[in-house]
Amino acid sequence: MKKILILASFLIGISCHAQLTRFTIYTSANCTIIKDIETQEVTLPIPAPASSGYSSYIIAGGIRQSFTPKVGLEIGSRFDYPLTSRLFLTSGVAVSYLRFQRTIEVTGLSSDIQVPVNPVPPTTVGLPFGQIYGWSTMRDADGNIIRSPAALPKRSENIGNTTTLSVQLPLLCGMNFLDERLEVRTGVLLSYLLHATQVKDAYDVSNNSFSDYKDSSKGEFREFQAGLAVQSSYLVGRKVGLDFSAQKFFTSIYDTQSDEDAKYNILTLGLSYHL
């Protein structure tokens with residue numbers, strides 16, 4: 001009899017715990033918002049033909065990195081563990097698939113500074129870089145036209161397309177509102193990068209053309225990231241909810257000092273189902 005009572009108490013305890021802990025699966029569309037990065041006072045030396053009397057043009061300007069958002073996907077599960085009738089803790093695991101296009105361009109060019117060659121070398125010495133960008137023609141060291149700007153190869157519009165696949169772990173605290181129909185959570189979000197791809201280009205000298213390829217190395221990316229998240233769920237049925245979240249990461253996307261200001265801000269919108 002005593003063993004039966006102990007077993008019954010154990011089963012009742014498990015049942016009560018199962019009622020208190022709510023499990024949820026969800027799927028959401030996500031969108032990245034990444035602030036543009038501008039680097040000022042960048043100098044770019046460009047070799048010039050020796051026939052011009054100069055060794056190089058020194059171009060002063062800046063570099064701008066811009067990020068165009070694209071729609072991605074997030075799938076995950078979470079569980080809520082109540083502390084009081086309104087207060088609860090949330091954790092779980094999610095897989096986040098992000099998409100965006102990264103564009104790098106030179107801005108604010110100025111070619112007022114030049115470095116003269118003294119004495120001027122013969123015209124047969126030099127590099128066939130021709131005239132500076134923006135002029136009507138390009139010439140070699142002997143003054144012959146080597147290519148007109150209209151013949152310059154065009155790059156693919158896919159250059160800079162980036163996708164990342166990460167696993168996320170939320171550690172959140174939440175509250176219920178509106179008779180438990182509205183749930184609001186906030187807390188820490190940890191992320192680990194599983195895979196990343198970037199579309200890059202390569203120049204083919206023989207065909208005077210660019211070809212794009214996918215680089216699947218994640219060496220340029222930071223693997224571990226940490227940030228804050230705010231999530232809300234509104235129950236539109238007994239088990240179905242409408243989810244919205246905003247995520248802000250404090251660690252950079254790329255593992256280079258020059259790109260340390262590139263950080264994720266992510267918005268998600270989707271549906272959840274309470275098991």
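1. Basis. Residues are numbered from 1 along each chain as its sequence is written, and side-chain values use heavy atoms, with hydrogens and water left out. In this predicted model, local features need pLDDT of at least 70 and side-chain atom pairs count only at pLDDT 80 or more, while totals for chains, interfaces and linings use all residues.

2. Gln-65. This residue belongs to strand S3 (residues 54-82); strands are DSSP runs of E, at least two residues, numbered from the N terminus. Gln-65 is buried at 7% relative accessible area (buried is under 20%, exposed over 50%, partly exposed in between; 1.4 Å probe, protein chains only).

3. Salt bridges. Side chains of opposite charge can pair when their charged atoms come close. A salt bridge is a side-chain nitrogen of Lys or Arg within 4 Å of a carboxyl oxygen of Asp or Glu, and the count by this rule is eleven.

4. Glu-183 and Arg-22. Their side chains form a salt bridge at 1.7 Å, N to O. Glu-183 lies in strand S8 (residues 182-204) and Arg-22 in strand S1 (residues 22-32), 161 residues apart. Glu-183 is buried at 0%, whereas Arg-22 is partly exposed at 27%.

5. Arg-64 and Glu-38. The closest N and O atoms of this salt bridge are 3.1 Å apart. Because Arg-64 is in strand S3 and Glu-38 in strand S2 (residues 37-47), the pair ties together parts 26 residues apart in sequence. Arg-64 is partly exposed at 25%, and Glu-38 is partly exposed at 45%.

Methods. Helices (H or I, at least four residues) and strands (E, at least two) are DSSP runs, numbered from the N terminus.
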